[in-house]
Amino acid sequence: MSILKMSFTGRRSLALTATAVAVALAATGCGGDSGSSAPTLPGNPGLGGDGVVAQSVYDAAPVATDADIPAGSTMDAIRKRGYLNIGGSLDAPLLAQQNPVSGTIEGFDADMAKLLAKYIIGKPEVKTTTIGTQTREAMLQAKSVDAVFQTYTITPQRATQVAFAGPYLTSGLAVGVRKDDTSIKSVKDLAGKTVIVGANTPAVTALPSAAPGSKQIAFGTDPQALQALLQKRGDAYVQDFTLLASGAKANPGMKVVGEPFTTEAYGIGLNREDAQFKEFVNNWLKKIQADGTWAKVWEGTLGSVVEGGAPTPPALGSADGS
């Protein structure tokens, strides 16, 4: 099932303007985050949740055995250092956003990084360095970071420069509607409807076949499109899942429904020469998928603005380049 998509071309700028809750702390360039300072309030999975993963999820998360961490390995170096050094973001709501009150970094990517740190070190200690999409490969090649958690699209071309564990999440176009709308449950219900889209986005070309007979109204920015939806100038808004989830977080009057109807895979970026670390991270992903930890993280973050339960995680190695 597809869940999430963030393009790092034109739609990246839309993602950054999509929400009023994006914080200026992203400009600092580097932020520290410690699981010990994470909020202890329980999460509230499901539509209308608070977007925070419960502390109990960290407490119950698996920890690697000594046998899983050979001497001299990357994992051994991380354990001795005492924290996982990742490249990521601080301004992506529900993915990795710095809480202006607590200072912690919250969201699906941020929490996944904390859980990997817990697996290696025994505690969710993470240092996050904000990086641009154009510098990720160089940072990994130079070993300036241990891993990149940043909705990093897996492609064969990128796989010639870095290694990808996963995919750990998949994405695609999704449907946003007003909170009180019960008539639209998926893209199939948009046939014959007036649908709001972002100008020059994939929705423009994908909708005619996904929702025959639908009429499109295009807007230049995501905030304009969200406002049009809330003003009932269209029946639904079709856009990248990330943007819709962020919009729902900032605008309680809307929600995300149904399954995304296009697919793109995301991986955890690693140094390409470190096959041992990639195998280790993939084994960790298998464990947290099997024991339900992955689903709890999804429910506490992205799932807090989406109807329905957690999706099935993507199969590891299923993306070309993973």
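D91 stands opposite Q97 in β4. This is a predicted model, and that residue pair is a handy place to start reading it. The pairing between β3 and strand β4 (residues 96–98) runs in the antiparallel sense over 2 bridges.

Stepping back, β3 and β4 belong to an open sheet of 3 strands, ordered β3-β4-β5 and paired antiparallel. Its edges are formed by β3 (91–92) and β5 (105–106), each of which pairs on one side only.

## Two positive phi angles

Next, let's turn to the backbone torsions. K143 is a residue other than glycine, yet its phi is positive, near 60 degrees. You will find K143 in the loop between α5 (136–141) and β7 (147–153). What is the relative accessible area of K143, and is the residue buried or exposed? The value is 63%, and because exposed means over 50%, K143 counts as exposed.

T151 is not a glycine either, and it has a positive phi of about 40 degrees. Its setting is strand β7. Is T151 buried or exposed? T151 has 2% relative accessibility; the cut-off for buried is under 20%, so T151 counts as buried.

## A cis peptide bond

Which peptide bond is cis, with omega near 10 degrees? The bond in question runs from G166 to P167. As for where this proline sits, P167 is placed in strand β8, which covers residues 162–171.

Technical notes. Residues numbered from 1 in each chain as written. Predicted model: local features only at pLDDT ≥ 70, side-chain atom pairs only at ≥ 80, totals over all residues. Heavy atoms only, no water. Helix = DSSP H or I, 4+ residues; strand = E, 2+ residues; numbered from the N terminus. Buried < 20%, exposed > 50% of the residue type's maximum accessible area, 1.4 Å probe, protein only. Pairing = 2+ DSSP bridges.
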